[in-house]
Amino acid sequence: MCHITQRSSTSSFPKICSIFWRFHHTSKSHWCSCSKTISDEKYQDPFQLGRKDLKNLYEDIKKELLVSAAELKEMCDYYFDGKGKAFRPMIVVLMARACNIHHNNSKEVQASQRSVAIIAEMIHTASLVHDDVIDDANSRRGKRTLNQIWGERKAVLAGDFILSAASVALARIGNTTIISVLTQVIEDLVRGEFLQLGSKENENERFAHYLEKTFKKTASLIANSCKAVSILGCPDPKVHEIAYQYGKNVGIAFQLIDDVLDFTSCADHLGKPTAADLKLGLATGPVLFACRQFPEMNAMIMRRFSKPGDVERARKYVLQSDGVQQTTYLAQRYCHAATREIRKLRPSPEREALVHLTEMVLMRDK
């Protein structure tokens with residue numbers, strides 16, 4: 001089931017790419033302000049609704065990471081400090097409640113569904129630890145990375161340990177379908193990292209490549225975690241697909257806005273250096289859109305901004321173009337798709353909170 005859904009999701013990337021240029025030629029006067037997307041329906045704060053089920057989340061994660069080695073424990077505690085917003089677990093528990101209510105009006109999150117939320121956060125954090133090593137990153141969430149404090153080798157091992165603990169927790173759920181769905185996330189993370197290391201010369205292929213990488217590195221975790229809790233709470237395959245599509249679209253939108261913030265947010269506010277993607281040689285959405293107005297960027301993209309002055313010039317071109325606006329507009333399209341999907345479920349406060357969450361994704365500033 002998960003492999004069928006996976007193929008259907010990734011096969012849409014060329015289609016998305018084919019409308020890329022139409023997005024580019026959309027006049028700025030038609031670009032919708034994020035502030036106008038607020039739902040007219042009763043406001044439902046996702047974080048308030050999810051708080052009950054996320055109580056003691058990080059303490060429970062630390063129990064999964066129970067280890068006798070003092071240094072390894074210190075490294076794990078450093079990331080799971082309870083100061084994060086727990087964005088992914090919050091989506092997962094809200095989706096669990098929404099699907100449970102849709103199926104039999106049950107308003108309680110099952111223990112196995114909450115375990116999926118914990119596992120999702122562990123997989124996500126392990127991927128961040130490994131990403132920081134690959135990127136030689138200095139800061140994450142406003143503080144120094146593990147690789148900067150303990151070195152690359154120990155950071156890799158810490159990421160491996162977190163991933164192994166997540167796998168043990170996953171096996172404990174005892175559902176082979178759920179294991180298959182969530183192990184797909186780990187495969188996608190690896191494949192996404194390889195995609196990020198490559199590039200395409202053809203401009204259309206380049207954008208499709210970027211969107212596929214975005215799905216695998218960011219959206220797959222949210223999509224498959226949402227799908228997993230829907231399977232645990234409801235037997236209807238249509239509901240599983242709704243949950244998956246919601247997570248996929250929100251996840252892609254989240255990363256698109258993240259790529260925008262790399263150009264528009266200050267380093268102190270963002271919690272990591274700005275223009276970080278350019279410095280890593282990566283051409284994200286704002287760059288790819290800007291490239292249509294400044295074709296000279298093509299050469300810089302192909303050499304991954306490696307020549308002196310490339311990063312500064314590329315950043316200047318992006319800010320002079322409508323690349324930021326067009327990327328935000330594309331994120332809006334994904335959020336609207338997510339909203340259409342989740343509204344197929346029976347009305348509930350959790351469903352409306354998931355709708356409102358799409359608006360929060362568009363308006364976030366860090």
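1. Ile134, Val190, Phe194 and Leu197 make a nonpolar surface patch of about 430 Å². Helix H11 (residues 176–197) gives the largest share of this patch, three residues. Phe194 lies in helix H11 and is exposed, at 60% relative accessible area. Patch members have over 30% relative accessible area and no salt bridge; nonpolar side chains (Val, Leu, Ile, Met, Phe, Trp, Tyr) are joined within 5 Å, like charges within 9 Å. Areas are Shrake-Rupley values with a 1.4 Å probe. Exposed means over 50% relative accessible area, buried under 20%, partly exposed in between.

2. This is a predicted model: local features need pLDDT of at least 70, side-chain atom pairs count only at pLDDT 80 or more, and totals for chains, interfaces and linings use all residues. Numbering runs from 1 along each chain as its sequence is written, and side-chain values use heavy atoms, with hydrogens and water left out.

3. Confidence first. The chain averages a pLDDT (the predictor's confidence in each residue, 0 to 100) of 86, and 86% of the residues score at least 70. Helix H19 (residues 323–342) has the highest mean, 98; helix H1 (residues 2–10) has the lowest, 37. Residues 1–41 fall below 50, yet this stretch has 77 contacts in the model beyond near neighbours in sequence. Contact means heavy atoms within 4.5 Å. Where pLDDT is low, the predicted coordinates should not be read in detail. Helices (H or I, at least four residues) and strands (E, at least two) are DSSP runs, numbered from the N terminus.

4. The structure holds 19 salt bridges, each a side-chain nitrogen of Lys or Arg within 4 Å of a carboxyl oxygen of Asp or Glu. Arg97 and Asp53 form one, at 2.6 Å, N to O. Arg97 sits in helix H7 (residues 87–104) and Asp53 in helix H4 (residues 46–54), so the pair ties together parts 44 residues apart in sequence. Arg97 is buried at 7%, Asp53 at 9%. A network of salt bridges links Asp53, Arg97 and Glu350.

5. Asp81 forms a salt bridge with Lys143 at 2.8 Å between the closest N and O atoms. Asp81 is in the loop between helices H6 and H7, Lys143 in strand S2, 62 residues apart. Asp81 is partly exposed at 31%, and Lys143 is partly exposed at 23%.

6. Thr125 is in helix H8 (residues 111–135) and buried, at 0%. The Thr125 side chain reaches the backbone oxygen of Glu121 at 2.8 Å. Beyond neighbours within four places in sequence, Thr125 contacts Tyr79, Phe80 and Ile162.

Terms used
Buried means under 20% relative accessible area, exposed over 50%, partly exposed in between (1.4 Å probe, protein chains only). A polar contact is a pair of N or O atoms within 3.5 Å; within protein, one must be able to donate a hydrogen and the other to accept it, and residues adjacent in sequence count only if both atoms are side-chain atoms.
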